[in-house]
Amino acid sequence: IAFHHDYDIACNVSYDASATLPATASDRIAAYNITGIANFAKEMAAKGLDKPKVTLTFRLDSSGLLSISKAEATVEVAPDPVNETAANETAAANETAAEEDEAAAASNATDANATDTKDKKKDKKSKKKDKEKKEKKKVYRVELDVTKDYTLEIAKPHGPAEVENSLAKLANLQRLDQVRKEKEEAKNSVESYSYAVKNRIYDEEETVNAVTTEAQREEVLALVSETTEWLDDEGFDCETEKYLEKKKNVEGLAEPIFERMAEAEARPKAIADAEKRLSDIRALMKKWEKSMPQVTEGEREDVFSLCSAAEKWIEEKKEAQVCSSKWLVVRLGHIHSRARAGPSHIEDKPAPSRAL
C-alpha cells in the first residue's frame with residue numbers, strides 16, 4: 001500500500017470477515033510500529049518539498065504468516081521547467097552548430113569524412129544522454145524502521161454457549177484449511193507428474209521409442225501440454241477432484257508406457273532365469289532315477305512334460321513379443337509362474353521301507 005504522510009504510524013492488520021472467528025476472539029492478525037517518517041518529513045519540509053510518499057510491502061509466507069517485508073518513504077523532485085527549457089535551447093543550438101560544421105567539413109577527403117561522421121555521431125549520443133539526464137527526476141528515499149507490536153489484547157470471558165460456538169467455528173476453519181491443503185497437494189501432484197512424464201519421455205528417448213509408436217508418444221505429449229496449459233489458465237484454482245481427474249487422464253496414457261519400459265528391461269533376465277530353472281529340473285529328474293527310486297518313471301515323465309510345455313510357451317511368447325515390441329504380450333508374473341513347473345508334488349514322497 002502507498003500513501004502520503006508526515007508522522008510516524010502504527011499499522012494494524014485484521015481479519016476482514018470477523019464472523020468466521022469465535023465471538024470472543026480478537027480479529028487482529030499483527031500490529032507494527034513504523035518510525036522514521038516524521039524525521040524524513042521535516043528534512044523534506046526544510047528543503048521546501050511535499051509530504052513523503054510512504055510505501056509498505058506485505059508478505060504472506062507458505063505457512064500463512066504475515067509480515068512487512070519492506071517499508072520506505074520517498075519524495076520525488078520534478079526538474080526545473082526554466083532550467084530544462086534553457087538546457088533544451090542550448091542543446092538545440094549546439095546541434096545546429098555541429099550540423100553546420102559537419103556540412104563544411106564534408107568537402108574534405110573521404111577518410112576524414114568517415115572519421116568526422118563517427119565522432120559527430122558520438123557527440124550526438126552524448127548530447128542526447130546529457131539531455132535525458134537533465135530531464136530525470138530526483139528522488140529522495142529512506143528506509144523506515146518497522147517494529148512488531150507483541151502486546152496482547154485482553155481476552156473476554158467465555159460462557160458455555162460461546163465455548164461451543166467457538167469450537168464449532170474453529171472446527172470449520174480447520175476443515176477449510178484441510179480442504180485448501182488437499183487442493184494444493186492435488187494441484188502440485190498433477191503439475192509435477194505432468195512435467196515428470198514429459199522429461200522422462202525425452203530423457204529416455206531410446207527406451208521409450210523401443211516400446212511405443214510415434215502416435216502413442218505424440219498422444220501423451222499432447223495431453224501433457226494440454227494439462228500444463230490448463231493449470232495456468234482454467235485450472236489455476238479448481239476443486240480437488242478436478243486436479244485428480246486430470247492426473248488420472250495423464251496416468252492412463254503414461255503408465256502403460258512406463259510399464260512396458262520396465263517389463264522390457266527386466267524380461268531378458270526373467271526368461272533366462274526361467275529357462276535355467278527348467279533345465280535344472282530336467283537334470284534333477286535324471287538324478288532322481290537313482291537317488292529317489294520311490295519316484296516312479298511315470299511321475300518323472302509328467303515333470304518332463306510340464307517342463308516341455310513351459311519351454312514351448314516361453315518360446316512362443318518370446319517370438320510374439322519380438323513381433324509386437326510396441327505392446328505388452330507377456331508379463332513377468334506369467335513367466336515366473338510358468339517356471340514353477342517342477343517336482344514340488346513328489347519331492348517329499350517318502351522312500352520305500354526296507355525289508356528286514
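Visitor: What order do the four strands of the open sheet take?
Guide: The order is 1-4-5-6, with antiparallel pairing. Two strands count as paired if DSSP finds at least two bridges between them. This is a predicted model, where local features need pLDDT of at least 70, side-chain atom pairs count only at pLDDT 80 or more, and totals for chains, interfaces and linings use all residues. Residues are numbered from 1 along each chain as its sequence is written, and side-chain values use heavy atoms, leaving out hydrogens and water.

Visitor: Which strands stand at the edges?
Guide: Strand 1 (2–4) and strand 6 (138–143). Each has a single partner strand, so one side of each lacks a neighbour in the sheet. The twist averages 25° from one strand to the next. Helices (H or I, at least four residues) and strands (E, at least two) are DSSP runs, numbered from the N terminus.

Visitor: How many bridges join strand 1 to strand 4?
Guide: Three, and the two strands run antiparallel. Strand 4 covers residues 53–60. Phe3 stands opposite Val54 there.

Visitor: And the three-strand sheet, what's its order?
Guide: It is 2-3-7, open, with antiparallel pairing. Strand 2 and strand 7 (145–148) are the edge strands, each pairing on one side only.

Visitor: How many bridges hold each pair there?
Guide: Six join strand 2 to strand 3 (residues 28–35). Four join strand 3 and strand 7. Asn12 stands opposite Ala31 in strand 3. Tyr32 has Lys148 in strand 7 as its bridge partner.

Visitor: Which side chains of strand 2 are buried?
Guide: Ile9, Cys11 and Val13 are buried and point to one face. Buried means under 20% relative accessible area, exposed over 50%, partly exposed in between (1.4 Å probe, protein chains only). In a regular strand the side chains alternate between the two faces of the sheet.

Visitor: What is buried in helix 4?
Guide: Ser166, Ala186, Lys187, Val190, Tyr193, Ser194, Val197 and Ile201. Their cover includes helix 5 (205–211), helix 6 and helix 7 (240–291). Contact means heavy atoms within 4.5 Å.

Visitor: At what angle do helix 4 and helix 6 cross?
Guide: Roughly 145°, with the axes coming within 10 Å. Axes are lines fitted to C-alpha atoms, for helices over the stretch in contact, and angles run from 0 to 180 degrees between N-to-C directions.

Visitor: Which residues meet there?
Guide: On helix 4, they include Lys187, Val190, Glu191 and Tyr195. On helix 6, they include Val220, Leu221, Val224 and Leu231.

Visitor: One last residue. Where is Pro256, and how is its accessibility classed?
Guide: Pro256 is in helix 7. At 30% relative accessibility, Pro256 counts as partly exposed. Pro256 and Thr212 are 44 residues apart in sequence, and their C-alpha atoms are 9.8 Å apart in space.

Visitor: How many helices and strands are in the chain?
Guide: Nine helices and seven strands. Buried residues make up 25% of the 356 residues.
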